[in-house]
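Here is a short briefing for a first look. Keep the sequence and the 3D view open as you read.

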Amino acid sequence: MSLSTPVSRPALRRVTLLGCLLLALSGPALALAATPVQQQQLERALEDHEQGRFLQARAAFERLARAGMPAAHHNLAVMHLNHELPGARIATARRHLEAAAAAGFVTSQVALAEFHESGRHAPIDLPRAMAWYLQAAEAGSVDAQVAIATGHYLGRGVPRDEARALHWYRIAGQGGDVGAQYLLGSMYETGLGTAPDLRLARYWYDLAAQQGDEAASVKRDEVSRRLAAPSL
């Protein structure tokens with residue numbers, strides 16, 4: 001699920017099964033952590049899925065979902081979206097994603113935003129997509145922070161608001177997103193959503209350049225020359 005935007009944001013990925021519950025749980029979701037027994041059951045179900053034993057995997061995920069494990073809801077959604085089950089249904093996938101997302105499971109919040117944004121499985125609903133991106137962004141997802149920033153940058157699904165775009169790009173840039181870092185350099189250079197500030201522009205271009213962005217390296221050097229030039 002990829003969308004063309006003016007920033008270098010990661011393409012929206014095909015939703016995949018979670019490889020490790022503990023890595024997927026963060027922030028508010030830590031309160032939903034599984035017991036050791038449930039973790040073992042999840043690992044066995046993931047192994048069943050890897051080996052193509054989809055019915056066994058589904059049965060295990062359904063038991064874990066009934067016990068309140070968000071990752072199990074997420075994985076059931078994935079199996080329905082990927083048509084790995086007899087009678088797979090988009091509506092069932094959405095219900096499982098919503099259950100996990102409502103429980104604070106950030107992976108599912110991002111997936112649900114992509115579900116509404118892409119138009120692959122349902123009519124495009126940008127306001128709903130951005131609402132889920134906002135929840136995930138507030139929970140710390142860098143991808144979601146870039147997405148909500150881009151929404152405000154373009155006025156796509158949310159009101160056009162360059163200051164809000166700058167806010168979320170800054171948080172994503174602090175999280176290491178190179179596209180957000182480059183955009184911040186540009187916004188500070190041109191005064192988009194903020195007063196122009198060449199020093200901050202150079203700072204953000206430099207961070208992006210350190211990650212290998214060649215265009216950012218060129219812009220950093222250009223801004224450095226402007227800062228070094230004598231004032232008229």
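This is a predicted model. The protein chain averages a pLDDT of 86, and 85% of the residues score at least 70.

**Confidence**

- Over residues 1-16, pLDDT stays under 50. The model has 40 contacts beyond four places in sequence for this stretch.
- Where pLDDT is low, the predicted coordinates should not be read in detail.

**Helix 6**

- Helix 6 covers residues 106-118. Its 13 residues should span 18 Å at 1.5 Å a residue. The end C-alpha atoms are 18 Å apart, so the model agrees with that value.
- Is helix 6 largely enclosed or open? It is largely enclosed by the rest of the structure, because twelve of its 13 residues are buried.
- The buried residues are V106, S108, Q109, V110, A111, L112, A113, E114, F115, H116, E117 and S118.
- These buried residues pack against helix 4 (70-81), helix 5, helix 7 (126-138) and helix 8 (142-154).
- G119 follows helix 6. The phi of G119 is positive, near 80 degrees.

**Helix 9**

- Helix 9 runs over residues 162-174 and has 13 residues. From first C-alpha to last it reaches 18 Å, close to the 18 Å expected at 1.5 Å a residue.
- At the start of helix 9, look at D161. A side-chain oxygen of D161 reaches to within 3.1 Å of the backbone nitrogen of A163.
- Buried residues in helix 9 are A165, L166, W168, Y169, A172 and G173.
- Which helices cover them? The cover includes helix 7, helix 8, helix 10 (178-190) and helix 11 (198-210).
- G176 follows helix 9. The phi of G176 is positive, near 100 degrees.

**Salt bridges**

- How many salt bridges does the structure hold? There are ten.
- The side chains of R94 and E98 meet in one of them, at 2.9 Å from N to O. Both residues lie in helix 5 (residues 90-102). They are four residues apart, so about one helical turn separates them.
- R94 counts as partly exposed, at 25% relative accessibility. E98 is partly exposed too, with a relative accessible area of 31%.
- D125 and R128 also meet through their side chains, at 3.7 Å from N to O. D125 has a relative accessible area of 24%, which means partly exposed. R128 is partly exposed as well, at 38%.
- R160 and E162 form another side-chain salt bridge, at 3.1 Å from N to O. R160 is exposed, with a relative accessible area of 52%. E162, in contrast, counts as partly exposed at 26% relative accessibility.
- Which residues are linked in a network of salt bridges? They are E189, K219, E222 and R226.

How values were computed
Residues numbered from 1 in each chain as written. Heavy atoms only, no water. pLDDT = per-residue confidence, 0-100. Contact = heavy atoms within 4.5 Å. Salt bridge = Lys/Arg side-chain N within 4 Å of Asp/Glu carboxyl O. Helix = DSSP H or I, 4+ residues; strand = E, 2+ residues; numbered from the N terminus. Buried < 20%, exposed > 50% of the residue type's maximum accessible area, 1.4 Å probe, protein only. Expected span 1.5 Å × (residues − 1). Polar contact = N/O pair within 3.5 Å; in protein donor to acceptor, adjacent residues only side chain to side chain.
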